[in-house]
Amino acid sequence: MNFAVPFCGSAKTSIHNQVFLEGVKSAMLAAKIQSSAGSKEGAIAVEGEKQRQWSPKEKEVGMKAFGRGYAGWGFSQAFYRERLHEKHYGFKDLESFMQGFWEAWACSKDPENMLVMLQTWQSGDCSNQKPYNGDFEMAMQSIRAKTLVLPCKTDLYFPPEDSEYEVANMSPGVGRLEQFPSIWGHWAGGPGDSKDDLKWLDDHLSDFFSIEQLG
């Protein structure tokens, strides 16, 4: 690989990010009368109860709770302050947005799939492999591909400070960082609802590949 452009992500899931995910995971599991076994783990098994499928009601209640917990993280404080949930998405108020956007989004997911995704996310660490064996700085220094790291300045999952640390630990001339100048939070990187952010990303990708390939 000669080039890499990670955006709105991280090379290692931060402790703060793990805490956020524990919150939404626990809200979902409560509907099944279960508790989290901890970050990077699943649920604590209920004593005397065999593993069973989610009932339709448990799934509905759990995923609605998951969606409402997620609602404060997907978009930034400024997104809500500017009332983009009304101006952009057309919802009449916050509650209709919570139901029509976040609950609807969450209820379209399977809870077991989400638990696997959460465990994978919490476990994310590019240095958790040989030869790095947990040495994150060594893993960053080993990157040879020219890398453009693009965090969003208002992303609550993956704040720019985490990306700055990653780039600072890359070898000289390998990594470069630029921030999405957006109030859309994590959603600046997708699914493309913010057309200005989509254009910003496309422009930076085009510039990066043009310059690096010419070089």
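Which residues are exposed on the other side of H6? They are Asn113, Val116 and Thr120. Exposed here means over 50% relative accessible area, buried means under 20%, and partly exposed is in between, with a 1.4 Å probe and protein chains only.

Some ground rules. This is a predicted model, where local features need pLDDT of at least 70, side-chain atom pairs count only at pLDDT 80 or more, and totals for chains, interfaces and linings use all residues. Residues are numbered from 1 along each chain as its sequence is written, and side-chain values use heavy atoms, with hydrogens and water left out. Helices (H or I, at least four residues) and strands (E, at least two) are DSSP runs, numbered from the N terminus.

Back to H6. It covers residues 111-122, twelve residues in all. From first C-alpha to last it reaches 16 Å, close to the 16 Å expected at 1.5 Å a residue. That expected span is 1.5 Å times one less than the number of residues. Its buried residues are Pro111, Met114, Leu115, Leu118, Trp121 and Gln122. Seen down the axis of H6, these fall within an arc of 125°, so they line one face of the helix. The arc is taken over the directions from the helix axis to the C-beta atoms.

What do the buried residues of H6 pack against? H1 and H2. Contact means heavy atoms within 4.5 Å.

Now that pair. Two packed helices are described by the angle between their axes and the distance between the axes. H1 is residues 15-30 and H2 is residues 56-74. They pack at about 155°, with axes 7 Å apart. The axes are lines fitted to C-alpha atoms, for helices over the stretch in contact, and angles run from 0 to 180 degrees between N-to-C directions. H1 and H2 are therefore roughly antiparallel; that label needs an angle over 145 degrees.

Who meets whom? From H1, it's His16, Phe20, Val24, Ala27 and Met28. From H2, it's Gly62, Met63, Ala65, Phe66, Gly69, Tyr70 and Trp73. By class, that contact has nine nonpolar, three polar and no charged residues. Nonpolar is Ala, Val, Leu, Ile, Met, Phe, Trp, Tyr, Cys and Pro; charged is Asp, Glu, Lys and Arg; the others, Gly among them, are polar.

H2 itself has 19 residues, which should span 27 Å at 1.5 Å a residue; its end C-alpha atoms are 26 Å apart, which agrees. The buried residues of H2 include Glu58, Gly67, Ala71 and Gly74. The buried set packs against H1, H3 (77-81), H5 (94-107) and H6.

Lys130 and Pro131 are joined by a cis peptide bond, omega about 5°. Pro131 sits in the loop between H6 and H7 (136-141). Asn133 is in the loop between H6 and H7 too. Its phi is positive, near 50°, in a residue other than glycine. Asn133 is exposed, at 61% relative accessibility.

Pro191 is in the loop between strand S3 (175-177) and H9.

Then Arg83, with a positive phi of about 60°, though not a glycine. Look for Arg83 in the loop between H3 and H4 (84-87). It is partly exposed, at 42%.

Last stop, Asp202 in H9, residues 195-214. Buried or exposed, or in between? Asp202 is partly exposed, at 41%.

Methods: Angles under 35 degrees count as roughly parallel, over 145 as roughly antiparallel, 65 to 115 as roughly perpendicular and the rest as oblique.
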